[in-house]
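These are my notes from a first look through the structure. I went element by element and wrote down what I looked up.

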2 protein chains.
Amino acid sequence: MSEKDFAGASRRGFLRSAGVLAAVAGLAPASPAEAHAKEPPPPKQTGAIEPFYGARQGGIVTSAQRHTYFAAFDLDAPRRDDVITMLRGWTDAAAALTRGEPPPLSGDASYGGAEPGADALGLGPSRLTLTFGFGAGLFTKDGKDRYGLASARPEELIDMPGFPGDKLVETRTGGDLSVQACADDPQVAFHAIRRLMQLAWGVARIRWAQTGFLPNCSAGETPRNLMGFKDGTNNLTAKDEDGLARFVFAGNDAPPWMHGGSYVVARRIVIALEHWDRMRVNFQEQTIGRQRVSGAPLGKTNEFDTADFAATDKDGNPVMPMNSHVRLASANNNDGARILRRPYSYNDGVAYTAERWPPWRQGMEYDAGLFFICYQRDPREGFVKIFSKLARFDMMNQFTTHTGGGVFACPGGIAPGEFVGQRLFSA
Amino acid sequence: MSEKDFAGASRRGFLRSAGVLAAVAGLAPASPAEAHAKEPPPPKQTGAIEPFYGARQGGIVTSAQRHTYFAAFDLDAPRRDDVITMLRGWTDAAAALTRGEPPPLSGDASYGGAEPGADALGLGPSRLTLTFGFGAGLFTKDGKDRYGLASARPEELIDMPGFPGDKLVETRTGGDLSVQACADDPQVAFHAIRRLMQLAWGVARIRWAQTGFLPNCSAGETPRNLMGFKDGTNNLTAKDEDGLARFVFAGNDAPPWMHGGSYVVARRIVIALEHWDRMRVNFQEQTIGRQRVSGAPLGKTNEFDTADFAATDKDGNPVMPMNSHVRLASANNNDGARILRRPYSYNDGVAYTAERWPPWRQGMEYDAGLFFICYQRDPREGFVKIFSKLARFDMMNQFTTHTGGGVFACPGGIAPGEFVGQRLFSA
């Protein structure tokens, strides 16, 4: 009995059980057709729509929405066709969801024909984007070429190296597929993942998931992260087509399925906010390399002023400390390396923590921080290059701990009629 | 060496260490005065303000804000005066925070004089409310009357009884104090708790915390929960002063510190959304007792129609199933008992779960659901009475598991110059 057979049998058993429960409760279970007749009308609120089709996937250079739900999936399906069928279903659903339309029913009874939920009814598209990624496990898993894709794995889809200070939790790390839902409403983002999960029944399971948010700052303002500093001042922008082509998106030297694609690196970074909140502002600013209120580089006046890494104070010390975050992360100090940062803050309440700072308390502390997400055309020349230096020298490391994440190849965008990854599977 | 001494010694050691780190990094740590000179100007965006002072605390009948951060604290302080000093600091901070002003520095060096963070700078008040509650542990803990308040514990502040199906996790349950921050921005709500946490240093620690959110539905619409149903249709409203006086707020028979106060019951309810998402709409509707799209009671047309519990279908079965949630929870079926519901959805990603339904899978499933919060003048006549029936008979129980929560006495509101709980401590 294969994994797939087992899933199918379980599903049938499950539906039988649901029928029994309904009968016990004195209910006549509706046929799928009857139930579908009650499906919701199109939402009244439309809101803004982000395009789903195009040369690039949405959610990369898209102006950051307020909320994210990032899900990494493990594939259970033994057969290539199961994966293709799921990706077709995901593509159709994603196109409808981003338009704010009720997602189509799955015509394939093997997924149980589960009906879309009503949790996002009336909320409109809310600028939803769904960004799909392929992890190493899609190409080979435990040394096995499950789907005949082993030879197609790009060398840019690296196994992430370990860094000093990493405390990656296995159940928060990796995955065969990724889907990042971003929307201006948290319920819309989650609804989209729930619909994809319905369509993935028996084929893929969520391995880890992370919610994230941004503050409701004024349009054009750089949002502050939970450390209280403006985050993203020097980022690549959607208008910088040269920068995007050079640093973010794969070019025509990549395999066709990666044309217009990018590699996403996600890192769940717990920030010791109790510790940070007890630091003096001056120390915080030296750690970051920027002024807290204005966001200006140290020694400068305005947020967007260029940092002067050569400037020294009256004692001859650098104005931008050698181990400040901004200095170490800057392109100037990384052979010009740049990435497209698209981070969210996250807040998972509190968790049992053994402090890494005096007096080394153990107890409940904030499980909150930065859900760091970045895009690049080659992680070896992007995140890995930059973070290799940061992981060793960044003064911020005494406050930050990486506890999970992954790296995924996000294929290029698609045209109507195509499914996500079609050019990979048909290569 | 008392707990308090230890905290003080640790704090000094901690600050020394921070100085050492700064020195290693080539920094001259700023004096607190220097650092404070850089404190942020008042925020530019003002937004809407909810009043902090008044006969009742904010955050109870206040129209629900989009986000919440609920924190339960354990008290470490051995002395009554430490608690009073903290509550004074919390009160001053809360008054400023709800106005969107930078919270005042603590003048008391015993708290280390930690400066307010800048994470909410520019976000405005965002309708922030802070609602304070006192748990049983404030009155007696482990049989000890730590603060001379044992005789003041009201009988309404019950030890919550166990219910069938409870899976309460100790580290998500109870607490000596509670603070619920609600705001239209998640970063504003969290910022407020972080500021209170700074002021509580050495006196109280967070025991558990939970974030929550509501969808961005149109004004006047009843928000849908993660089950996809409208949630709160029949709730008590701020306009129903008779209902509030009868069911929600303590009257003049209560001790003076509880005049205008209420008892909050919080329950963290995981919903088996994978399971729910595979149920037919008809079955979902029978479970809830309402139509999914319109929100109307079964057999009725509009959301606010009165449910007809006597109606039967052509086979003589009740149109509102006997074990539907709405039927079991209704005042008609609970001797008229009512509560003020103020729930949020929560989404903590996924967690390892052993399913309670066929085929009893074990693995990562959504750790999301309802962060149920309700207010009442007597939990024995409110939550306990209603949930005793629900816990045994509600068809929804196959999808819901209570994993944490608490019950707290929320004292009446205060006037400027008073501190939260002053009338309790001066009684």
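I began with β5(A) and strand β8 (residues 362–376) of chain A, which pair in the antiparallel sense over eight bridges. Two strands count as paired if DSSP finds at least two bridges between them. Within this pairing I found Val270(A) opposite Gly369(A) of β8(A).

The model is a predicted one: local features need pLDDT of at least 70, side-chain atom pairs count only at pLDDT 80 or more, and totals for chains, interfaces and linings use all residues. Residues are numbered from 1 along each chain as its sequence is written, while chains are lettered from A and ligands numbered from 1 in the order in which they are written.

Next I looked up the other pairing of β5(A): ten bridges join β5(A) to strand β9 (residues 400–410) of chain A, and the two run antiparallel. Ala266(A) has Gly406(A) as its bridge partner in β9(A).

Is β5(A) enclosed or open? Nine of the ten residues of this strand (residues 262–271) are buried, so β5(A) is largely enclosed by the rest of the structure. I call a residue buried if 20 or more other C-beta atoms lie within 10 Å of its own, exposed if 12 or fewer, and partly exposed in between, with C-beta atoms placed from the backbone.

For chain A as a whole I noted eleven helices and nine strands. Of its 427 residues, 54% are buried.

I then turned to chain B and helix α10 (residues 383–393), whose buried residues are Phe383(B), Ile386(B), Phe387(B) and Leu390(B). They lie on the same side of α10(B), because they cover an arc of only 90 degrees around the axis. The arc is taken from the directions from the helix axis to the C-beta atoms. These buried residues pack against β5 (262–271), α9 (325–329) and β8 (362–376) of chain B.

Last, I checked backbone angles in two loops of chain B. Asp335(B), in the loop between α9 and β6 (340–341), has a positive phi of about 55 degrees although it is not a glycine. Asp335(B) counts as exposed, with 9 C-beta neighbours inside 10 Å.

Trp360(B) sits in the loop between β7 (344–354) and β8 of chain B. Trp360(B) is not a glycine either, yet has a positive phi of about 55 degrees. Trp360(B) is exposed, with 10 other C-beta atoms within 10 Å.

Methods: Helices (H or I, at least four residues) and strands (E, at least two) are DSSP runs, numbered from the N terminus. Two residues are in contact if their C-beta atoms, placed from the backbone, lie within 7 Å.
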